[in-house]
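Please open the structure in your viewer and keep the sequence panel beside it. The stops below are meant to be selected one after another.

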Amino acid sequence: GGQDGATLPPGIMKTDAMDMFISLMCRRINLEYEKDVEHLGLNSYRFIPPANAMGAHDDPDLKARNPANSCYCLKDQGFSCFKSGVLNMEPCKRSAAIPKGAPIALSFPHFYQADPSFLAAVSGLSPNKEKHQFYVDIAPDFGFPLAIRPRFQLNVIIKRDTDIEMMSNFAEELILPFLWAQDGFSEPSDEMAEAIKFGLSAPSKLSMLGGACLLVVGGAMVLAALGWVLWYRRS
């Protein structure tokens, strides 16, 4: 299992690894600390998927390879296993009406961090880290997300069909993008930011207020004692 992004524990550290379950992917994805980011005067830790988050388990490039993804390769059940950066969603989209699943593959937008062959097979795409990266910015003290941007691209899996002239010259298997989208928010609301700032400053303010109250009570008790002593001596 993994966290859902809204139930993170307080006290997040830069060395922590985060697992987030993504329902669209039918799986969890690992996130790692990248850098500090400021939002409306609040510091946050940015967590992003590592470069091999969607890497194939048998990728010859060791930096892209991810052995943990071997469980998502169901070639023994008749499903294609793609190169790094593209996840076959057919096994996840099986139903009684579609026993082999819908021919859909998932990737980051514009095949960001995917094997170069996917980008070479189509035209008009230009992967960009700032525009297409998945990230979560966490307020470390409370574990609240100050910004979260899940970004994904849906692709249709097209296979060559020699009986259809238009598709007879296609590659044996083509991953064709048809939609990419982003969810979440890139900045916290002013109300949320003020609430977090108050929560961060409250302990020190309360301790100062408590100290002042104790001084007042202590002073009142001293004055009361002095007044009683003076009254007692006069009487």
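Leaving aside its neighbours within four places in sequence, which residues is Leu-24 in contact with? Select Leu-24 and you will find it in contact with Met-89, Lys-93, Leu-106 and Phe-152, where contact means heavy atoms within 4.5 Å.

Before going further, note that this is a predicted model, in which local features need pLDDT of at least 70 and side-chain atom pairs count only at pLDDT 80 or more, while totals for chains, interfaces and linings use all residues. Residues are numbered from 1 along each chain as its sequence is written, and side-chain values use heavy atoms, with hydrogens and water left out.

**The whole chain**

Show the protein as a cartoon, and follow its three helices and nine strands, which from the N terminus on run β-β-β-β-β-α-α-β-β-β-β-α. Helices (H or I, at least four residues) and strands (E, at least two) are DSSP runs, numbered from the N terminus. Of the 235 residues in the protein, 34% are buried; buried means under 20% relative accessible area, exposed over 50%, and partly exposed in between, with a 1.4 Å probe and protein chains only. Switching to a surface view, you are looking at an accessible surface of about 14100 Å², of which 60% belongs to carbon and sulfur atoms; such areas come from the Shrake-Rupley method with a 1.4 Å probe, and for residues only the protein chains shown count as cover. Among contacts in the protein with a separation of 6 or more, 53% are accounted for by residues 24 or more positions apart.

**The loop between S1 and S2**

Return to Leu-24, which is found in the loop between strand S1 (18-22) and strand S2 (27-39). Leu-24 counts as partly exposed because its relative accessibility is 38%.

Next select Cys-26, found in the loop between S1 and S2, and look at its backbone, where phi is near 60°, a positive value in a residue other than glycine. Most residues other than glycine have a negative phi. Cys-26 has a relative accessible area of 30%, and is therefore partly exposed. For another backbone of this kind, go to Leu-40, in the loop between S2 and strand S3 (42-48), where phi is near 50°, again a positive value in a residue other than glycine.

**The second largest pocket**

Which residues lie closest to the centre of the second largest pocket? The volume of this pocket is about 260 Å³, and of the 15 residues that line it, the closest to its centre are Ile-22, Leu-24, Pro-150, Phe-152 and Asp-183. On a 1 Å grid over the protein atoms alone, a pocket is an open set of points with protein on both sides within 12 Å along at least five of seven lines, a cavity is a set of points where a 1.4 Å probe fits but cannot get out, and lining residues have an atom within 4 Å of a point. Grid points are joined across faces, edges and corners, and a volume is the space filled by probe spheres set on the points. Colour S1, strand S8 (151-159) and strand S9 (173-182), each of which supplies at least two residues of this lining; the largest share, four residues, comes from S9.

**Ser-107 in S5**

Now select Ser-107 in strand S5 (residues 104-107). Is Ser-107 buried or exposed? Ser-107 is buried, because its relative accessible area is 0%. Not counting residues up to four places away in sequence, Ser-107 touches Met-54, Gly-85, Val-86, Phe-152, Gln-153 and Asn-155.

**The largest cavity**

Two of those residues lead on to the next stop: Met-54 and Gly-85 are among the residues lining the largest cavity, including also Ala-51, Ser-84, Phe-108 and Gln-113. The volume of this cavity is about 40 Å³.

**The largest pocket**

Finish at the largest pocket, with a volume of about 310 Å³. It is lined by 22 residues, of which Ala-56, His-57, Cys-81, Phe-82 and Lys-83 lie nearest its centre, and the largest share of the lining, three residues, comes from strand S4 (residues 86-88).
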